[in-house]
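I opened a new structure today and kept notes as I went. Here is the entry.

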Amino acid sequence: MKKQNINRVVLIGTGAVGCSYAYSFINQGVAEELVLIDVNELRAEGEAMDLNHGIPFAPTPVKVWSGQYADCQKADLVVITAGLPQKPGETRLDLVAKNTAIFKTIVKNVMDSGFNGIFLIATNPVDILTYVTWKESRLPKERVIGSGTTLDTARFRYMLGEYFNVDTRNVHAAIIGEHGDTELPVWSRTTVGLEEVETLIAKNNKYSQKDLDDIFVNVRDAAYHIIERKGATYYGIGMSLVRITKAILGNENSILPVSVHLDGQYGHKDVYIGVPAVINVEGIREVLEIPLNQEEQKQFDHSVKVLKETMSTVI
């Protein structure tokens, strides 16, 4: 019997980030249909052709094509990576005015199709553009999600795994706040296996808090270092987006640090920012309010303040 419920994902933006997402999407067998949309229609067509030539080696069948906004009507998920990229010497917040204007047009076109699924946003500044998408789409806040600090957290876990010489998957840690210069590590909740990082440092003199602070700085500034060397970052965020996609379409109830709307959590309202949340087929099932120590709360408050001040210039 033919399966009736086919998962369709629409990707808007076939630049380096979008294509890294599409490539990882196909290789992980995430869904049955992937539609590519770009203002450069020939580019989208070419990318679809190239990706299709790898389908014989994919773990599961997937139909890939270049489409139009009308294809969003039957989509379960619309992923937006379109927009102007971050240039050398430019912060993510520097992009706000230019990409806000682009997003208003994109979201209108998607909603005009009759779309009633979930938005996943990756374009920077991601927290602000996720807020813009929520406002422009008028969808419930649970169904508008930003990639948030998922990639930052992956970088954090990777570097801590290297430092402690353990499998990075056994490092339990989170970066929260703005996906950008005001983000912060939650050291008070960081564990390696089941052991707190503070305990590891106290009992072994080859580890130090200074080393950990340096690791965080490298995590926070990782995009700048990569952009200086190769012009852009895309593999890590592409895989991060696929991880979030799998949590949604697989109804996993997974906990990931994504950009979500706060409604009193952490003492703040009316802002999208990166914090841990439970994700399933409905979008955000629950925003987790993890206890922060005094210094962490102060840093988080500052991150919210910077986002709101920047957002006030365009909204």
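**Entry 1: strand E1.** I kept in mind that this is a predicted model. I began with strand E1, residues 8–12. I looked up its burial and found five of its five residues buried. Then I checked the two faces. Arg8, Val10 and Ile12 lie on one side. Val9 and Leu11 lie on the other. Both faces are covered.

**Entry 2: partners of E1.** Which strands pair with E1? I found strand E2, residues 33–37, paired with E1 in the parallel sense over five bridges. Within E2, isoleucine 37 stands opposite isoleucine 12. I also found strand E4, residues 77–80. E4 pairs with E1 over four bridges, again in the parallel sense. There, leucine 77 is the bridge partner of valine 9.

**Entry 3: helices H3 and H4.** I turned to helix H3 (residues 96–112) and helix H4 (residues 126–137). Their axes are 9 Å apart, and the packing angle is about 35°. The crossing is right-handed. I listed the residues that make the contact. H3 gives Val96, Asn99, Thr100, Phe103, Lys104, Val107 and Met111. H4 gives Ile128, Leu129, Val132, Thr133, Glu136 and Ser137. I sorted the contact by class: seven nonpolar, four polar and two charged residues. The spacing along each list made me recall a general rule. An α-helix has 3.6 residues a turn, so residues three or four places apart point the same way.

**Entry 4: leucine 160.** Next I picked leucine 160, which lies in helix H5. Is leucine 160 buried or exposed? Leucine 160 counts as buried because its relative accessibility is 0%, and the cut-off for buried is under 20%. I looked up its contacts, leaving aside neighbours within four places in sequence. They are Val171, Ala173, Trp187, Thr190, Leu212 and Ile215. I followed up isoleucine 215. It is 55 residues from leucine 160 in sequence, yet 7.4 Å away in space, C-alpha to C-alpha.

**Entry 5: helix H8.** I ended at helix H8, residues 222–230. Its buried residues are Ala222, Ala223, Tyr224 and Ile227. What do they pack against? I found helix H5 (150–164) and helix H7 (209–220). Just after H8 comes glycine 231, with a positive phi of about 95°.

Methods:
Residues are numbered from 1 along each chain as its sequence is written. This is a predicted model: local features need pLDDT of at least 70, side-chain atom pairs count only at pLDDT 80 or more; totals for chains, interfaces and linings use all residues. Side-chain values use heavy atoms; hydrogens and water are left out. Buried means under 20% relative accessible area, exposed over 50%, partly exposed in between (1.4 Å probe, protein chains only). Helices (H or I, at least four residues) and strands (E, at least two) are DSSP runs, numbered from the N terminus. Contact means heavy atoms within 4.5 Å. Axes are lines fitted to C-alpha atoms, for helices over the stretch in contact, and angles run from 0 to 180 degrees between N-to-C directions. A crossing is left-handed if the near helix is turned anticlockwise from the far one by less than a right angle, and right-handed if clockwise. Ala, Val, Leu, Ile, Met, Phe, Trp, Tyr, Cys and Pro count as nonpolar, Asp, Glu, Lys and Arg as charged, and the others, Gly among them, as polar. Two strands pair if DSSP finds at least two bridges between them.
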